[in-house]
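Colleague: I have not looked at this one before. Can you put it up and walk me through the packing?

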Amino acid sequence: MAENPQRPVAAVRPLSPHLTIYRWPVTMMTSITHRATGMALSVGAVILAWWLVCISNGPEGWQSFNSIMGTPLGLLVLFGITWSLAYHFFSGLRHLAWDLGYGFNKKVAERNSVIVFALSFLAAIAIFALVWTGHAGYLQ
Amino acid sequence: MKTAQTPLHKVQGMGASHSGTGHFWRERVTAVALAPLSLWFLFVLLGLAGTSEVTALQFLAHPWNALLMGAFICFSLYHAALGLQVVIDDYIHTAGMKIFLLLVVRFSCLAVFAVSIFALIRIAAL
């Protein structure tokens, strides 16, 4: 069969601009952040497993975990995972509310997006503030 | 009207995806379980922050705490495997790479689960 000479080459077919041209709505931010924090928490699960292995190894294991996660980079990772857990928790509750049919109104969805972001940062900062002000370690 | 669908395919009603709402539903069930477990986990991490390995050992050696930690890890990794599968389904479009990455995700989650539970059992036996 003869090729249609008018057929446009697939690679150069015009595509209407989408992701790159629109201002990001806050609801899009929450959706992408939910996915990104979920992926970060998968890494967090590996750190949790490593923490448990270190504890089961006795004092040297505990020391080795603290010497790595106690560094500025380690603390930054811990803060990131703490915030990810807080965000995924609040955003996840929102997903469950959507599953029940609540919160789809445009204004409500935008307001709740801001609330989820605010709550997640507040929670993560509060958790680290509790540790640094000596209010943690109550299981001693 | 004639159709190429077999009677079994029709009655299953799954279409070309070969699966229904099972994945969605398992994701929700694990999420519902993880909501309270996450709060407990946070309570534990805050309570153990800045203490000694003896405190952590004694806490995790307690049967209830070991069970709750095991449940948190189990549901977390199941939820993670389901969630990571969606990411792969969305962004990887070649069958070979998709199957390879899905195997990596599942084996990794199983490995992390096995290591965590083994460590918990070891702590309980110390």
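Colleague: At what angle do the axes of H3(A) and H4(A) cross?

Modeller: In this predicted model, the axes of helix H3 (residues 72–99) and helix H4 (residues 106–132) of chain A cross at roughly 145 degrees and come within 8 Å.

Colleague: Is that crossing right-handed or left-handed?

Modeller: H3(A) passes H4(A) in a right-handed crossing.

Colleague: And which residues meet there?

Modeller: From H3(A) they include Phe79(A), Trp83(A), Tyr87(A) and Phe90(A), and from H4(A) they include Val116(A), Leu119(A), Ala123(A) and Ile127(A). By type, the residues of this contact divide into 12 nonpolar, 4 polar and 1 charged. Arg94(A) of H3(A) is among the residues in the contact.

Colleague: Switching to the two chains. How many residues does the contact take from each?

Modeller: It takes 30 residues from chain A and 31 residues from chain B.

Colleague: On the side of chain B, which helix gives the most?

Modeller: H2(B), with 8 residues. That side of chain B divides into 20 nonpolar, 8 polar and 3 charged residues.

Colleague: What about the largest nonpolar core, which residues touch the most other members?

Modeller: Ala45(A), Ile55(A), Leu77(B) and Ala80(B), out of 32 residues in that core. The elements giving two or more residues to this core are H1, H2 and H3 of chain A together with H3, H4 and H5 of chain B. H4(B) gives the most, with 8 residues.

Colleague: What does Ala80(B) touch?

Modeller: Leaving out residues up to four places away in sequence, Ala80(B) touches Leu41(A), Ser42(A) and Ala45(A), and also Cys109(B).

Terms used. Residues numbered from 1 in each chain as written. Chains lettered and ligands numbered in written order. Predicted model: local features only at pLDDT ≥ 70, side-chain atom pairs only at ≥ 80, totals over all residues. Axes fitted to C-alpha atoms, helices over the stretch in contact; angles between N-to-C directions. Helix = DSSP H or I, 4+ residues; strand = E, 2+ residues; numbered from the N terminus. Left-handed = near helix turned anticlockwise from the far one by under 90°. Contact = placed C-beta atoms within 7 Å. Nonpolar A, V, L, I, M, F, W, Y, C, P; charged D, E, K, R; others polar. Core = buried A, V, L, I, M, F, W, Y, C linked by C-beta atoms within 7 Å. Buried ≥ 20, exposed ≤ 12 C-beta atoms within 10 Å, placed from the backbone.
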